[in-house]
Amino acid sequence: MSKTCEIDVTVNGKVHRAVVEPRLLLTDFLRHTLGLTGTHVGCEHGVCGACTVLVDGDCARACLMFAVQADGRSIETIESLGRIGRMNALQESFHEHHALQCGFCTPGMLMTATDLLRKYPLATDEDIRKGISGNLCRCTGYEHIVRAIRAVVGKTEPVR
Amino acid sequence: MKPPAFDYIAADSIAMAVKALAQAGDDAKIIAGGQSLVPMLNFRMLRPSVLVDINRIAGLDAIAETSEAIRVGALTRHYQLETSPLIARHLPVLSCAMTHVAHLAIRNRGTIGGSLAHADPAAELPMMALLLDAELHIASAAGERKVDARDFFLGALTVDLAAGEIITGVVLPKLPPRTGWGFEEVARRHGDFALAAVAATLTMSGSTIEQARIALTGVGPKALRAHEAEGLLIGQALEGGLIDRVIDAVRTTIEPETDLHASSDYRRHLAGVLAGRALAAAWRRAHESAA
């Protein structure tokens, strides 16, 4: 057993203090310690994108970070975007365009798209396809996801 | 799929990091972006007893300009390199290469020091370090040293870096005036490791080529320069049958492996095609920059 560490992590605007083993992945901290099960766990080696969250505003794989590394950082998860009955514009767009089927990849898609929309002009569908190339979806064939993101490109506050 | 237990040290300076590495002996690993290391930990391919985290070392992610070169701190994230105005101005071939590195979520975390130390045979940054004649700055408890990129990469996932050493920065000489560049990559999916990638620069003197650099990745155990092909270009214009002779020289220089993703023959063919495209782009840009 390794030495444990005390961390203060801001998750979706709320500060959490916890004592963690260094090897605890950020995914497991979010899901098991905090009960935020919206962040999905797929491959656990950075390939599928299902666990994508925002770290200090930048999208990152939560399975490739340790909770201890989030000490002092601000983490945003899918739970920060909106709620049923009050979804944000990007979530509404996914709903309108049938951009999900089983929903497993959806949290990662939404968090990735949130960062993509802030950082890139996404002028073409090809740009959107490249942008989500690190997020695997096995249901939709991606067409509807691309359309959903396309529909919010250029809106002043697309994702908030 | 969960890593084995380890002790964790968050270093706040290079001095603290090298001290922690020295105390841990051979059994410590540095974690920078963690985008290659953490998968290996999750698979338990590695079982370090100590992780030394360098993410909190202030200033280690700085990109700075000198008269001749750009100095990139080891902790500089791929996304920073991709979007840096200094890199775009003085090393545009690197800005272009960075758009091919993995996916945004990886580029937000992954670092130049980590990518060079990991030395994946199909990664872009080792190839770019070779292309641009980079110099790596390395620190340990014993002091500091510098090593040229051409001496740093020893084989697949193998570099000239001892257990107690850490890369602190990379110095990249600016492209000379009248230099054109090209970058071409084919991967199964955008952001995947390259099946083959070629980067090239051509520097003009009068109407002919004074300096030519061609680097490749994904076509052998480590990234490499195609020196024989480069030599064919010196003092020449990129006309007539020259480009075909250069492509042939590139193809005979490399010994690609066959794996799940592509055969050796396919990779060799592809490397030649991409070299031709990269050189044509470099030739065109060299003339644009002269205009």
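**Helix H2 of chain A passes helix H3 of chain A in a right-handed crossing.** The structure shown in this and the following views is a predicted model. H2(A) covers residues 89–96 and H3(A) covers residues 106–119. Their axes come within 10 Å of each other and cross at roughly 130°; the two helices are therefore oblique to each other. On the H2(A) side, the contact is made by A:Leu90, A:Gln91 and A:Phe94. On the H3(A) side, the contributors are A:Thr106, A:Leu110, A:Ala113 and A:Thr114. By class, four residues of this contact are nonpolar, three are polar and none is charged.

**Strands E3 and E4 of chain A form a hairpin.** Strand E3(A) spans residues 52–55, and strand E4(A) spans residues 58–61. The two strands run antiparallel and are joined by four bridges. Within this pair, A:Val53 stands opposite A:Ala60 of E4(A). Two residues lie between the strands, and A:Asp56 in the turn has a positive phi of about 50°.

**Domain 1 and domain 2 of chain A are in contact.** The domain assignment places residues 5–80 in domain 1 of chain A and residues 89–152 in domain 2 of chain A. The C-alpha centres of these two domains lie 21 Å apart. Domain 1 of chain A brings 13 residues to the contact, and domain 2 of chain A brings twelve residues. By class, the domain 1 side has seven nonpolar, five polar and one charged residues.

**Chain A is in contact with chain B.** The contact involves 27 residues of chain A and 27 residues of chain B. Strand E4, helix H3 and helix H4 (125–131) of chain A each supply at least two residues to the chain A side. E4(A) gives the most to this side, with four residues. By class, the chain A side has nine nonpolar, ten polar and eight charged residues.

**Three strands of chain B form an open sheet in the order E1-E3-E2.** The pairing in this sheet is parallel. Strand E1 (7–10) and strand E2 (28–31) of chain B are the edge strands, and each pairs on one side only. Neighbouring strands are turned by 25° against each other on average, direction ignored. Strand E3(B), residues 50–53, runs parallel to E1(B) and is joined to E1(B) by four bridges. In this pairing, B:Ile9 stands opposite B:Val52 of E3(B). Helix H1(B), residues 14–24, packs on the sheet and touches E1, E2 and E3 of chain B. The direction of H1(B) makes about 170° with that of E3(B).

**Four strands of chain B form an open sheet in the order E11-E12-E13-E14.** The pairing in this sheet is antiparallel. Its edge strands are E11(B), residues 179–186, and E14(B), residues 224–225, each pairing on one side only. Strand E12(B), residues 196–205, pairs with strand E13(B), residues 208–217, in the antiparallel sense over nine bridges. Within E13(B), B:Gln211 is the bridge partner of B:Thr203. Helix H8(B), residues 124–131, lies across E12, E13 and E14 of chain B and runs at about 155° to E13(B).

**Domain 2 and domain 3 of chain B are in contact.** The domain assignment of chain B gives domain 1 (7–53), domain 2 (63–172) and domain 3 (181–290). The C-alpha centres of domain 2 and domain 3 of chain B lie 21 Å apart. The contact takes 21 residues from domain 2 of chain B and 20 residues from domain 3 of chain B. On the domain 2 side, two or more residues each are given by helix H5 (92–98), helix H8 and strand E8 (153–155) of chain B. H8(B), the helix that lies across E12, E13 and E14 of chain B, provides the largest share of the domain 2 side, six residues. The residues of the domain 2 side divide into 16 nonpolar, three polar and two charged.

Key
Residues are numbered from 1 along each chain as its sequence is written. Chains are lettered from A and ligands numbered from 1 in the order in which they are written. This is a predicted model: local features need pLDDT of at least 70, side-chain atom pairs count only at pLDDT 80 or more; totals for chains, interfaces and linings use all residues. Axes are lines fitted to C-alpha atoms, for helices over the stretch in contact, and angles run from 0 to 180 degrees between N-to-C directions. Angles under 35 degrees count as roughly parallel, over 145 as roughly antiparallel, 65 to 115 as roughly perpendicular and the rest as oblique. A crossing is left-handed if the near helix is turned anticlockwise from the far one by less than a right angle, and right-handed if clockwise. Two residues are in contact if their C-beta atoms, placed from the backbone, lie within 7 Å. Ala, Val, Leu, Ile, Met, Phe, Trp, Tyr, Cys and Pro count as nonpolar, Asp, Glu, Lys and Arg as charged, and the others, Gly among them, as polar. Two strands pair if DSSP finds at least two bridges between them. Domain bounds come from an automatic or database domain assignment.
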